[in-house]
Amino acid sequence: MSVRRGTAIINLDIEGPAISRHLYGHFAEHLGRCVYGGFWVGEDSPIPNEGGIRLDIVEALRALDIPNLRWPGGCFADEYHWMDGIGPRDERPRMVNTHWGNVEENNHFGTHEFMALCELLGAEPYISGNVGSGTVREMSEWVEYLTRDGDSPMVRLRKANGREESWRVRFWGLGNETWGCGGNMRAEAYADLARQYATYCRDHGDNKLYRIAAGAAGDDYVWTEALMKQLNHLGCQRQPRPLYQAVSFHHYTVPGTWDAKGSATDFTTDDYYRTMAAARRIDEIIAGHAAVMDCYDPGKRVGLVCDEWGTWFDVEPGTNPGFLHQQNAMRDALVASLHFDIFHRHADRLVMANIAQTVNVLQAMILTSEDDPAQLLLTPTYHVFEMNRRHQDAASLAVHLRTEGTTRRVGEDQELETVSISASVRDGAVLISLTNLDAEEPAALTLDLRGRAIGEAVSRILTADSPQAHNTYADPAAVAPRPFDGVTRTGDGTGLRVELPPHSFATVEAPLL
């Protein structure tokens, strides 16, 4: 067995841009069993709940220091009319979820329930408004309903529905995927609408909105430029117009075609490497959008938001194809750890990211059983979020990595770098995250730590017998973190040696002296 070797130089005393905690954001759409049958079980459920919200899910997510939660979509957002989801639940009109399974919903989980969920989680709400089938007035009144105090029509309506005080809601999405399910618009047409909606989504009192324009699919840099043109002139050094404060984009990791994405757990080694190559593309895509934004906003005042990302495979056999329910394997965990390393490197422009989705859908943190709804399991992806949580709001550190040996070739003209590292400092400690994407061979790495001395390191690892390994209700800890003894001091005591097994993710944390 050959060993991949490399050296990473990390200057502990040279801090880079802050890693926003919001890069660890989440997404809960009315899709499949994410909301109904996931977060929401109803007040009459035998599953422990508070006001209908499932408490074991809340407890699990609080352990991640979940910073924000995006809702109600997704594609669903552009057919959701918020006033149908307020008031007495038994009086709320039913609706058809045409995007996801064509199922009927009773609107029992609406604005007040979502805000209660965010309060339980300790997370900031991120509301995606309806541009596709809604109106400017509808979104403007939703902002007023949630965030205004005093005596206005929406304030009186909110108080009549049982909430005296306003909420703080900073993050507002001006539509979703307006190039597709959100209206099939041209970039220029949506750019005009974004200006209009942004104008009427107003700041009330001290609640200052952070408006996020619905951005591109993947590497559609033309779309991003159309939005940036509304804020500033090419090359202009002036502060951008404060219409919206960020633009978004979406990028999913799909190893196959949209018609045949492949199984979440039954895949070959070639499938595995194709998945990792697809995941690494996020680096190029973020850099491309950032380059366009730099031309119109060299001061980096406008944020870039990746508010949908993650793996997308074929649904599990026997499940509703519109519910997007997939298992979550060690492979998914490595996709997540790789994304976070890349997100950290782009912390100067990337201000938020939201994995799709939190419960029971796509690359979920948590799965619940349809056969026994009380059962819950944490996925390998969940554990990456937990192991990385102290990167939130930390100062990034540049990692200068040099590796030796072969890279895994993917296809005829593409090579995959199989080692990924990121690092940060926070509260007098350094946290280093290391990923070995090689499915079969270990990696021997030397961490050359300069500028500061470190104390005793604490290390953890997430790995399994194979990239296909996943947690089940029968074996919920098949893939779970454990203490890692593969980290030792270098001979001079200033650095660390790390022996990473194949397909593994590890963290090393140490106090700075």
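In this predicted model, helix H8 (residues 330–345) packs against helix H9 (residues 380–387) at an angle of about 30 degrees, with the axes 7 Å apart. H8 is therefore roughly parallel to H9, the term being applied to angles under 35 degrees. Contact, defined as heavy atoms within 4.5 Å, involves Met 330, Asp 332, Ala 333, Ala 336, Ser 337 and Phe 340 of H8 and Pro 380, Thr 381, Val 384 and Phe 385 of H9. Seven of these residues are nonpolar, two polar and one charged.

Residues are numbered from 1 along each chain as its sequence is written. Local features need pLDDT of at least 70, side-chain atom pairs count only at pLDDT 80 or more, totals for chains, interfaces and linings use all residues, and side-chain values use heavy atoms, without hydrogens and water.

The largest nonpolar core contains 118 residues; such a core is a set of buried (under 20% relative accessible area, 1.4 Å probe, protein chains only) Ala, Val, Leu, Ile, Met, Phe, Trp, Tyr and Cys residues joined through side-chain atoms within 4.5 Å. Phe 39, Leu 61, Tyr 190, Tyr 244, Phe 249, Trp 309 and Phe 343 have the most contacts inside this core. Helix H7 (residues 269–296) supplies the largest share, ten residues. Leaving aside residues up to four places away in sequence, Trp 309 touches residues including Ala 336, Phe 340 and Phe 385. A separate core of 27 residues includes Ala 395, Ile 432, Leu 445 and Ala 510.

Helix H6 (residues 221–228) packs against H7 at about 30 degrees, with the axes 9 Å apart.

Methods:
Axes are lines fitted to C-alpha atoms, for helices over the stretch in contact, and angles run from 0 to 180 degrees between N-to-C directions. Helices (H or I, at least four residues) and strands (E, at least two) are DSSP runs, numbered from the N terminus. Angles under 35 degrees count as roughly parallel, over 145 as roughly antiparallel, 65 to 115 as roughly perpendicular and the rest as oblique. Ala, Val, Leu, Ile, Met, Phe, Trp, Tyr, Cys and Pro count as nonpolar, Asp, Glu, Lys and Arg as charged, and the others, Gly among them, as polar. Buried means under 20% relative accessible area, exposed over 50%, partly exposed in between (1.4 Å probe, protein chains only).
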